[in-house]
Amino acid sequence: MRKIIKILFLIFIGGKIWGQILVIDGIGDENINNKIEEVSKDKLVFIKPEDFKNSIDGYKLIILLGDRALEFYKKNNWEKPCVVGYVKNPIYEIPITGTGLRYGLPHTLIFTIISSSMKWVKRVGVILPYEYSESNYIEELKRTSKTFNIDIKIVFVQGKQIKKAFSELSGIDLFLLLPCEFTLDENSARYFIEEFTNLKIPVFGFEKKHAVMGALMSYDIEKNYSIEFLNIVKLVSEGRDPSTIPVKYPQNYEIYIKKKTKEILKLEIDKLAIKNVNEI
């Protein structure tokens, strides 16, 4: 009898600990966590990547929030169904067992914005870590630029040889600031923007704050991102297999133009060619 009571107690406690869905939170946004709870019908357990030390066997699904969470998932070689969101580095592939919403615009849309609103752009430069040189993302970037008749110069940097990369990009019309280890940090992004602007080379950023820093143009998807991400979470919570839901890009975005940078560099931007334009 005592043994049965002990087992029931452990089951009860286990249920309290394990729940049904594990949320590995690598961004620490309480507002997002509250919204996930609202759309999910199962019990959730929230934990930071560095604090997780247990088994994932008790969970039927994992929600990964942010780059650190996805890295942690892959490092452990897990194959548990997952939903991925708020991962800014586009090089990180979403696992085949999962789905999610990419934090950024697809290459096709980025080059559409560039080619339609800045017709003077013929050569675009990019700086990325050397370890990304064989990535499918890079091949897609090259293919897309060709479709729009834009030459793209990609400089892969080993270690911290960033300054050398600037000289290799002489002659470009625009620098495309891509999210990676070099630019996700605000101070690093600011450094790139200031250096290229000093060289009279405008920068296209991937967050609103980049236009504030001095980038000629930036896009921003934050306004609608959580809605689209939560729609995916809701579908999976209702029973959909994550691997059957295509990984998506945001459907809505806003463009920000730095008026001062545009005037200093004497550049033309066709605002009629792009939607949701704001000047900073």
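Colleague: Is phenylalanine 52 buried or exposed, and what is its relative accessible area?
Modeller: In this predicted model, the cut-off for a buried residue is a relative accessible area under 20%. Phenylalanine 52 falls on the buried side of that limit, because its relative accessible area is 9%.

Colleague: How are the rings of phenylalanine 52 and tryptophan 78 arranged?
Modeller: Planes over 60 degrees apart count as edge-to-face, provided that the ring centres lie within 6.5 Å. The centres of phenylalanine 52 and tryptophan 78 are 5.7 Å apart and their planes stand at 85°, so the pair is edge-to-face.

Colleague: Which parts of the chain does this pair link, and how many residues apart are they?
Modeller: Phenylalanine 52 belongs to the loop between strand 2 (44–47) and strand 3, and tryptophan 78, which is buried with a relative accessible area of 17%, belongs to the loop between helix 3 and strand 4. The pair thus joins distant parts of the chain, with a separation of 26 residues.

Colleague: Which residues of helix 3 are buried, and what covers them?
Modeller: Within helix 3 (residues 67–75), the buried residues are Asp67, Ala69, Leu70, Phe72 and Tyr73. Their cover includes strand 1 (21–25), strand 3 (61–65) and strand 4 (82–85).

Colleague: Which helices hold phenylalanine 166 and phenylalanine 196, and which aromatic cluster do these residues belong to?
Modeller: Both residues are buried, and their rings form an edge-to-face pair at 4.8 Å centre to centre, with 65° between the planes. Phenylalanine 166 lies in helix 6 (residues 162–168) and phenylalanine 196 in helix 7 (residues 186–198), so the pair ties together parts 30 residues apart in sequence. The one aromatic cluster they belong to is formed by Phe166, Phe175, Tyr191, Phe192 and Phe196.

Terms used: Residues numbered from 1 in each chain as written. Predicted model: local features only at pLDDT ≥ 70, side-chain atom pairs only at ≥ 80, totals over all residues. Heavy atoms only, no water. Buried < 20%, exposed > 50% of the residue type's maximum accessible area, 1.4 Å probe, protein only. Helix = DSSP H or I, 4+ residues; strand = E, 2+ residues; numbered from the N terminus. Contact = heavy atoms within 4.5 Å. Phe/Tyr/Trp six-rings, centres within 6.5 Å; stacked < 30°, edge-to-face > 60°.
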